[in-house]
Amino acid sequence: MVQMDEAARLTSRMAVPKKSLGLLELQIQKLMRAWKTIQFDLRPFHFIFASDNGIVEEGVVRQSQDITFLQARNMMLGLSTISCFCQSNNIPWLVVDVGINREESVGLNRKVRQGTRNFLKEPAMTAEEFQRAYDAGCEQVDEAVRQGHNILSFGEMGIGNTTSSSAVLHALSGISAEFIVGYGANPAFPEVIQRKRQVIADAVRKYKEFLRTPQDIIRYVGGFDIAALCGAMVRCGELRIPFVLDGFITAVAFACAAKIHPDVPRVMIPSHLSKEPGMKYALAMGGINEDEVPIRAGLALGEGTGAILELNILRTMLYTVAHIDQMDHLEAEAMEACRAKSS
């Protein structure tokens, strides 16, 4: 007989047909196991790491880089999708500026540099710059835990960051850029995706001998947002703080973090399956099957929008586990009712 842990015991006694809540039951078990002690009060905090990418010089996007600053500002003003999602669900949020290409900072100023360098020409960042961005992510987790939050979620903002994320995943996995690279924010322009694939393949080939660790890969072809996300996720693994993953960019950071610290996959809760083709590969590198991802909504926005929807699922399930009637009670009442009818 398999011994049940407390998480399995709590969900197995719910007054529902066995396994009728499917993946939702498995997710709430994973959440409970991530904590050092089981809790029934979800206290989330959402971080958006924002940064610009020098690789946009190579024609891999059509949008103006100014959008990163303008949209990050909207996030702090409550005028973006992610801030509306957070406000409507009473979830506090913060933009952490780790590299927006403006002298002026947005949200919390942890600006390493005004955008990464063009990684087709030179490494995206120095070793010291990588460490500063990585440490900024760790710092936010430490501060959130100090404030009493028991679950975190992560998003990102940065024009060109699907290119840097795809480059990181290509270097980390060895999977061809043609299978990884999607349209990003440019679905109507096939020439952009072809350029993006070529730039990524050329850059990874250029630095091949230097790409020995996930940290190396982010440093050479990644972004400051990916470095910060990776640092934050590793810190969550170290502290056993569960976190909710969003889409493709955060999934690539997760793939890197999972290679750095073995406990990261144990505390990660997936939310949605991005339309980006590299999403399933990034998840797989952290040991997560796409069947473990609950939301199929065709999302491709980023910012952490899918993660906030997942927090709603977790909050609902946690409340349910705490308040639902127990199957033993229900069966006992049914037997008593049956006896009363037969007497």
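The legends below describe several close-up views of a predicted model.

Residues are numbered from 1 along each chain as its sequence is written. In this predicted model, local features need pLDDT of at least 70 and side-chain atom pairs count only at pLDDT 80 or more, while totals for chains, interfaces and linings use all residues, and side-chain values use heavy atoms, with hydrogens and water left out.

View 1. Helices (H or I, at least four residues) and strands (E, at least two) are DSSP runs, numbered from the N terminus. The C-alpha atoms fill a box of roughly 85 × 40 × 35 Å, taken along the principal axes. For 343 residues, a compact globule would have a radius of gyration near 20 Å, and the 22 Å of the protein agrees with this; the radius is taken over C-alpha atoms, and the globule rule is 2.2 Å times the number of residues to the power 0.38. Of the 343 residues, 53% count as buried, where buried means under 20% relative accessible area, exposed over 50%, and partly exposed in between (1.4 Å probe, protein chains only).

**View 2. An open sheet of six strands with parallel pairing.** The strand order is β3-β2-β1-β4-β5-β6, and two strands pair if DSSP finds at least two bridges between them. At the edges stand β3 (108-109) and β6 (268-269), each with a single partner strand, so one side of each is left without a neighbour in the sheet. Helix α14 (residues 305-323) lies across β1, β4 (151-157), β5 (243-244) and β6, and runs at about 165° to β4; axes are lines fitted to C-alpha atoms, for helices over the stretch in contact, and angles run from 0 to 180 degrees between N-to-C directions.

**View 3. Strand β1 and its bridges to β2 and β4.** Six bridges join β1 (residues 44-51) to the parallel strand β2 (residues 93-99); across them, phenylalanine 47 has leucine 94 as its bridge partner, and alanine 50 has aspartate 97. Seven bridges join β1 to β4, also in parallel, with serine 153 in β4 as the bridge partner of histidine 46. In a regular strand the side chains alternate between the two faces of the sheet. Here Pro44, His46, Ile48 and Ala50 point one way from β1, while Phe45, Phe47, Phe49 and Ser51 point the other way, and all are buried.

**View 4. Helix α3 and its covered residues.** The 12 residues of α3 (residues 66-77) should span 16 Å at 1.5 Å a residue, and the end C-alpha atoms are 17 Å apart, which agrees; the expected span is 1.5 Å times one less than the number of residues. Thr68, Phe69, Gln71, Ala72 and Met75 of α3 are buried, and what covers the buried residues of this helix includes β1, α4 (81-88), β2 and β4. Glycine 78, which follows α3, has a positive phi near 80°.

**View 5. Helices α9, α10 and α11.** The axes of α9 (residues 214-221) and α11 (residues 248-260) come within 9 Å and cross at roughly 145°. Pro214, Gln215 and Ile218 in α9 meet Cys256, Lys259 and Ile260 in α11, contact meaning heavy atoms within 4.5 Å. Helix α10 (residues 224-239) has 13 of its 16 residues buried, so it is largely enclosed by the rest of the structure. Just after α10, arginine 240 takes a positive phi of about 60°.
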